[in-house]
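Student: I would like to go through this model term by term. For each label, let us set the value against its definition.

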Amino acid sequence: MSQAPHRGPSRRSAIDIAGGLFLLVIAAVGYIGGFSLPVGHLSGIGSGLLPKTLAVLVAAFGILLILQGLIGPGPALERWAIRGPFFVLGAVVLFAVTIRWGGLIIAGPLAVVMSALASDETRPTEIAIFAVALTLLSGLMFKELLNLPIPFDPLGLIPSFVAQAYIAAKAALAGLFTALKGAVTS
Amino acid sequence: MTFDLISNLALGLAVALTLKNLWLCFLGCLIGTLIGVLPGVGPIATITMLLPITFGIDPVGALIMLAGIYYGAQYGGSTTAILVNIPGEATSVVTTLDGHQMAKQGRAGVALGIAAIGSFIAGCVATVIIAALAAPLTAMALLFGPADYFALMVLGLMFAVVLARGSVPKAIAIILVGILLSTVGTDLESGEERLTFGWSEISDGLDVAVLAMGLFGFAEILRNLEVTQARDVVRAAIGNLLPNRQDFAQSAAPIARGTLIGAILGLLPGNGAVLGPFASYTIEKKLADDPSRFGRGAIEGVAGPESANNAGAQTAFIPLLALGIPPNAVMALMVGAMTIHGIVPGPQIMTKQPNLFWGMITSMWIGNLMLLVINLPLIGLWVRFLKVPYRLMFPAIILLCCIGIYSINNSPVEVLMTAGFGLFGYAVVKFGFEPAPMLLGFVLGRLMEEKLRQALVISRGSFMTFVDRPLSAGLLLLSLITIVLAVLPAIRKGREEVFQEAD
């Protein structure tokens, strides 16, 4: 997996061989997962027929690709990045683990900062401010406007006076709105 | 027949023109464009991300909004293609060729304008085509037995093989993997758990949104991070938005031809719509007095393909609404969205829920009009949006994706699974496979198994049923011809050339 970049076409096609092996792995997982299921007979197909048949077909194509790769020329395997997948997918995992427990107010900034580490261009202060702003904005959008049941602050991290001020402001705004509406319609 | 058409469209207009539905359509178009202009975020990722925002709405409104999001995402993709030279998806690849050149010459406004106008005209024509074809096709669908449905889906998948880039064996293999993934979960007939490895979270099967987000949302970000793309945001002025008389004269015929080509190709199962822009571009280049202008900012090269793109995007709804078979990955996602709202796509929609059916179709037309009206004035905003550096954009996309996936079922496990599929999708691409046919295989897989079983029960276990029935025999023969043609050297070369144009 750690190859020199920009390798030209060679006598064998590494990408086909690797792709074939990849298919074999998928086929094996599929076959093992469906191993105990009954195949049934043609007038009453069992639950195992399709998974097993598909696994065998996928394996056949895997072998075909490996042979093709061994015989013919083709492109080399592309380089795999480690950093990007690690931080980006790590951020998603972090979000999944923390969202129930800590709510958006914890999971949001964590996911943003963690994923930002995937890029060289990230600037610390900028991303910190951005993470907080984005979290608040998405909380406002998904929680307030769309009423989605995503937890925002289950731990009660937001100081109560801030929360109260927010509720008061919202009520005031709503009051103002109805007053305006009344003034317009009357 | 004509009277029916008009009364049906009138019914649709009555539904779509309610204040609430107009607002939802508007909102869908706007948000769809907003997310769709983000470079590297195609319609699939956009729809998945925005799916939860339609949850609180009634089914009709939700579908209207989703359709709006879909066009918005399509249009947003064209905007990015013209202004930044990054196609959001396969169908806007062609737009980058001449559109971005026009933008560099200070004619970005005209390119965006003609794209919107061409799309609008194509959308109008496509809406009428859908309305006219829906009834006869639905009637035809009633003649379809399980064996015929099965054969039709085989044909669709074969088209998907032909239309995929890269080698034919790889395309077939990845579709098979998609079908294999579709068997995960509880078997509907026997109630046995399949391929779940005792993991109860997936006993209901994998969610199409989870798969789509992993394959198209996260994997795309991973690839974007690798290639440090010189994001070539146009620095030249956007210029006049309205094309002048000469532009119109040059674009009229390409728009008409593009609309026709796109509308016909969009009807094909197996993502025929993706061919539309390529075919239109090739034809315009062949017909042009001076083909060398193409690739250097020829307005026909934007007008034709963009019209074809939009016409195809819309007629692609026909197989879904009339037969219940999604023709491409985006429509596959629409199936998922409809299912969430308790709607099973298929021929019964039109008869049982006419207001939903016709409301959605007319709202397509209204949506196209809205795109024209809202997006052209907002182009300045999109440009500013595109100048946000990618280092800020991708963490934001990731957060929105996470919130979106979590909100579908309020399940953190699904978010985890999305990460898994992100890695899987990254591997798929690195090994030279294309993820879109896999998603199509995944969605068609369940339907195919169901129909296969039904067909064999009816025929008492004889495979001859697929050959005895003229419809299914014909469709299977067509599939065979398709796949044979695809591996023939001459056609293969032509196919490579078509895609080469894009690279």
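**Labels and their grounds**

Tutor: Take helix α13 (residues 329-340) of chain B: its 12 residues should span 16 Å at 1.5 Å a residue, and the end C-alpha atoms are 17 Å apart, which agrees. The expected span is 1.5 Å times one less than the number of residues. Helices here are DSSP runs (H or I, at least four residues), strands are E runs of at least two, and both are numbered from the N terminus.

Student: What are the ground rules for this model?

Tutor: It is a predicted model: local features need pLDDT of at least 70, side-chain atom pairs count only at pLDDT 80 or more, and totals for chains, interfaces and linings use all residues. Residues are numbered from 1 along each chain as its sequence is written, and chains are lettered from A and ligands numbered from 1 in the order in which they are written.

Student: What makes α13(B) largely enclosed by the rest of the structure?

Tutor: 10 of its 12 residues are buried, so α13(B) counts as largely enclosed. Buried means 20 or more other C-beta atoms within 10 Å of the residue's own; exposed means 12 or fewer; partly exposed lies in between, with C-beta atoms placed from the backbone. The buried residues of α13(B) include B:M331, B:L333 and B:G336. They pack against α3 (43-50), α4 (59-84), α8, α12 (317-323) and α19 of chain B. After α13(B) comes B:G342, with a positive phi near 80°.

Student: How do you know which class B:N410 belongs to?

Tutor: B:N410 has 14 C-beta neighbours inside 10 Å, so it is partly exposed. B:N410 lies in the loop between α17 and α18 of chain B. Its phi is positive, about 50°, although B:N410 is not a glycine.

Student: What makes chain B as compact as a globular protein of its length?

Tutor: Its radius of gyration is 22 Å, close to the 23 Å that the globule rule gives for 503 residues, so chain B is that compact. The radius is taken over C-alpha atoms, and the rule is 2.2 Å times the number of residues to the power 0.38. Of the 503 residues of chain B, 62% count as buried. Chain B holds 22 helices and 2 strands.

Student: Why does α6(A) lie largely in the open?

Tutor: Of its 26 residues, the number buried is 0, so α6(A) lies largely in the open.

Student: What makes two chains count as touching?

Tutor: Two residues are in contact if their C-beta atoms, placed from the backbone, lie within 7 Å. On that basis, 54 residues of chain B are in contact with 57 residues of chain A. α17(B) gives the largest share of chain B's side, 11 residues. That side has 35 nonpolar, 9 polar and 10 charged residues. Nonpolar covers Ala, Val, Leu, Ile, Met, Phe, Trp, Tyr, Cys and Pro; charged covers Asp, Glu, Lys and Arg; the others, Gly among them, are polar.

Student: Where in chain B is confidence lowest, and where highest?

Tutor: Confidence is lowest in helix α22 (residues 489-502) of chain B, at a mean of 58, and highest in α18(B), at 93. The scale is pLDDT, the predictor's confidence in each residue, from 0 to 100. Chain B averages 84, and 94% of the residues score at least 70. Where pLDDT is low, the predicted coordinates should not be read in detail.
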